[in-house]
Amino acid sequence: MNRNEMENLIRGVLSLNTEVRAISERKILEFQESDFYLYLEVLLQIFSDEYLGDDKIGLRTTAGIILRNSIHSADPLLQQKIESRYFSLSENEKINLKTQLIKSLNSSKISVSVCSGKIIAGIARIEVPKTPNSIFFEEIYKMLINSSNTNCTLGLLECIGTLCLFLSECSEFSFKPYAHSILKISIFKLETNEIFEIRTNSLKALGYSLEGISEIIKSENHINTLLLKIAAQCHDNNIKVTACALACMVKLVNLYYENIKFKIPEIILFLNNFLSSKDDEILYQILDFWSSLAEIEENKNEKFLDKYSVQIVPSCIEMLKKVNLDGSMWSVHKSAASCLQLISATISFDLLTVDDIQNCVLRYLSSEEIEEKEVGIVALGSLISPKGDTSKQFLSEVSDTVITYLPIEELTDVSLWCLARICEKNFDCIDPGAGLQNLVDSISNILLQQSKANINAAWVINYFSIYVSERRDKEWDFENVLTFFYDKLLGSLAFAAESVNTKNYTLTTALFTALAELINACAASSYGILDKFLDYLLNRVEKFIERSKNVTEDEFYFLEDFISNYIVLIQQIIIVRGEKSLGEFNNRILSVFIEILSIEKPTCCYGDVYMCLSQISTVVSFYTSNIPKILPFLCRDLTSEEDIILKPVVIYSGDIANITNQGFLVISNKIVPLLLNSLASSKVSSAVKPLILSVFGDVALAMSKSFEMYLDVTMSILEQILPLDRKIGESYVDSLRLSVIQLCTCILISLGDTPKLRSNLDNIIFLTKKVINEDVNRVCTKECVQILGDLVRMYGLKNELSENWVIDFISKSAVTDNKCLKKVCEKVYEIFSNSRQ
């Protein structure tokens with residue numbers, strides 16, 4: 001393919017015609033596969049052609065993007081393919097490519113120079129990790145010293161920053177030999193007489209390289225030099241440069257807090273100079289610093305935040321004002337609210353007990369301006385401490401004020417958010433008389449009107465319901481206070497949930513979560529209301545089941561979502577009321593569950609029924625005695641290949657085994673073969689198989705010696721599982737192997753020393769040894785030690801159990817900080833010692 005043909009393909013890529021674009025992209029990929037060097041060379045000819053007119057700049061830009069993506073990918077598998085292609089080129093071909101790209105650094109177009117730097121970085125990402133003592137960074141430094149071309153300088157800085165970013169994601173690469181060179185390059189052009197574009201690119205390069213210079217950051221002199229260089233960029237009122245410099249400072253603290261904490265007070269005082277800035281980019285960096293510091297100091301005893309937070313909070317509150325909003329998802333307003341929440345969660349005292357902070361919040365709350373009231377509400381909600389309750393008196397005073405703002409349309413949603421925050425830990429601050437009455441009335445009206453504020457209205461109910469249920473019988477009688485409003489709250493929530501569009505996942509989650517928690521908070525005196533609600537739920541499910549027989553696919557999914565959510569609420573009522581108290585309701589609930597399981601179209605609701613049955617079934621349960629009615633559906637769904645159905649039915653099968661114990665023998669011939677088939681099936685998801693193995697352990701323990709009939713086939717499947725290569729997914733294979741060892745342990749316990757098990761002793765030892773040898777992450781160590789102890793206790797030092805590898809493994813495993821593992825190793829070592837005597 002020649003240059004003209006490639007230019008035509010690039011024009012095709014830029015075409016608005018999707019068919020033309022798809023054909024062009026396919027042909028470019030085919031060219032890449034057929035002759036990688038020629039493909040790169042043709043693209044470079046277009047990209048580096050300084051004589052292309054401005055009308056063809058799109059061709060150059062697109063050629064550069066294609067080149068860049070052909071040399072580097074964030075996808076590890078694609079990157080491997082790129083590297084394989086690159087290393088297939090001859091040395092001369094590589095030199096030719098790099099020579100052309102270095103020339104392009106001197107382009108008259110900044111965009112071309114910068115893109116050239118990124119492409120060179122992509123090549124260096126391939127070469128540097130594979131080249132011991134690479135001189136790449138020194139060569140870039142020399143080029144930077146000798147460069148008199150501004151565009152070239154920008155390209156070189158882009159190259160070093162991009163390369164450091166790429167290499168920081170390369171786990172096998174060590175920055176240590178190159179740290180000094182990287183730092184020299186990054187700060188070389190950080191001089192105030194340089195143009196702002198160069199200083200901005202230098203700061204970006206420095207920011208990307210910070211992770212690679214950890215060895216240097218250990219030196220106090222280097223830290224001081226670096227901070228002074230960064231701070232010097234903030235003194236000429238160039239917003240872009242200042243924002244980049246502050247971003248570097250924040251990242252430095254984020255990465256190297258322990259090394260740099262002796263400078264934190266100075267950094268704080270320096271950053272305070274920018275609190276009055278009107279530029280969002282600068283304010284973002286200030287807030288990012290405080291948010292990062294809060295996250296870093298969360299679990300530390302000594303906190304700089306304790307000393308400085310009272311000074312910074314009023315400025316953060318000022319930033320809550322909604323200015324410069326451009327419709328973006330994030331804003332200074334949101335960033336400030338998030339920052340205040342992080343600070344209040346981290347510091348060791350309650351900010352709302354500080355007079356100056358209280359006065360600041362009150363000043364905004366009492367303002368005549370709606371916008372300022374909103375600032376006060378957001379500040380109050382953000383500053384509530386999740387740990388302390390020392391500000392209860394203040395919260396009691398202001399919560400009534402916030403409740404009075406609920407009818408104001410502009411303040412409704414934010415007031416509800418604030419009240420949800422108050423109710424989460426401080427519901428007792430709401431006046432149980434008029435305050436709670438006004439709150440419930442307002443929330444009910446909002447829910448009945450299907451307002452956009454429904455989400456936060458639901459979360460208010462959710463949080464005070466949790467507060468009530470958690471403190472039942474511990475403090476003042478919250479239940480009785482809530483009882484006066486229970487019917488109204490349940491009714492308005494049910495109404496809102498009944499008409500919700502389930503595609504609105506956030507609202508659906510809020511409403512049904514609130515309903516579940518309100519059920520959980522129900523006082524005994526309101527059980528009559530709960531029984532009526534249960535009747536309502538069952539009626540709704542029955543109607544939905546009937547409707548599901550003649551609906552479109554979209555309508556079916558709509559009904560499915562409702563049935564699924566109603567099953568969860570039914571389960572919650574059964575748990576709160578108690579199965580025995582429900583009387584005849586139990587027959588109706590079981591009948592509805594069977595109707596759901598009888599729906600012809602496979603549905604996730606099957607899984608919801610099984611999860612509910614797992615939760616409510618006990619040894620003497622009505623639902624346990626009716627397992628035979630569920631069994632045909634359970635057997636059907638154990639053949640499913642859908643995780644959302646198979647996973648819950650497998651769990652329920654294990655629960656049946658645990659609950660019925662020896663009684664499981666009656667149905668084991670139906671369930672166990674189906675579990676074995678699922679375990680052996682290649683169509684069953686890898687996410688479910690460790691669970692099936694775990695359930696097999698429950699089955700083995702329930703069946704006791706009767707499990708012997710399944711021993712051979714079980715061992716056969718386990719032997720097929722063990723050879724799986726860990727490269728297909730370490731965590732998955734590790735979890736499978738852990739489940740294998742746990743199942744073997746259950747088999748030993750259930751069968752005891754039988755001839756059948758003795759004949760499989762070598763197989764069990766072989767499986768255990770293989771797991772031990774390949775347990776790189778020590779996921780199975782404790783279980784392997786335990787099973788070796790069980791085997792020696794049962795059979796003595798027979799077969800391989802007497803060999804040195806066994807004792808060596810136990811001895812090495814005992815060298816650990818894990819107290820539980822150490823104790824297990826000591827016990828098993830004692831078993832081995834006794835067996836030798």
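Why does L821 count as buried? At 7% relative accessibility, L821 falls in that class, because buried means under 20% relative accessible area, exposed over 50% and partly exposed in between, with a 1.4 Å probe and protein chains only. This is a predicted model, in which local features need pLDDT of at least 70 and side-chain atom pairs count only at pLDDT 80 or more, while totals for chains, interfaces and linings use all residues. Residues are numbered from 1 along each chain as its sequence is written, and side-chain values use heavy atoms, with hydrogens and water left out.

Start with the whole chain. It has 44 helices and zero strands. Both are DSSP runs numbered from the N terminus: helices are H or I with at least four residues, strands E with at least two. The C-alpha atoms fill a box of roughly 90 × 80 × 65 Å along the principal axes. Of the 837 residues, 53% count as buried.

Now go inside. The largest nonpolar core has 303 residues. Such a core is a set of buried Ala, Val, Leu, Ile, Met, Phe, Trp, Tyr and Cys residues joined through side-chain atoms within 4.5 Å. W290, I317 and I596 have the most contacts inside it. Leaving out residues up to four places away in sequence, I596 touches V541, I545, I563, I567, C605, Y606 and V609. Contact here means heavy atoms within 4.5 Å.

Next, look at a helix pair. The axes of α8 (residues 136-146) and α9 (residues 150-168) come within 10 Å and cross at roughly 160 degrees. That makes α8 roughly antiparallel to α9, a label for angles over 145 degrees. Axes are lines fitted to C-alpha atoms over the stretch in contact, and angles run from 0 to 180 degrees between N-to-C directions. On the α8 side, F136, F137, I140, M143 and L144 make the contact. On the α9 side, the residues are T153, L156, L157, C159, I160, L163 and L167.

Phi of N133 is near 55 degrees, a positive value in a residue other than glycine. N133 is exposed, at 69% relative accessible area.

Return to L821. It is found in helix α44 (residues 819-836). L821 touches R778, T781, K782, S813 and T816, not counting residues up to four places away in sequence. R778 sits in the loop between α41 (761-774) and α42 (781-795). R778 also has a positive phi, about 55 degrees, although it is not a glycine. Its relative accessible area is 43%, so R778 is partly exposed.

Definitions and conventions: Parallel < 35°, antiparallel > 145°, perpendicular 65-115°, else oblique.
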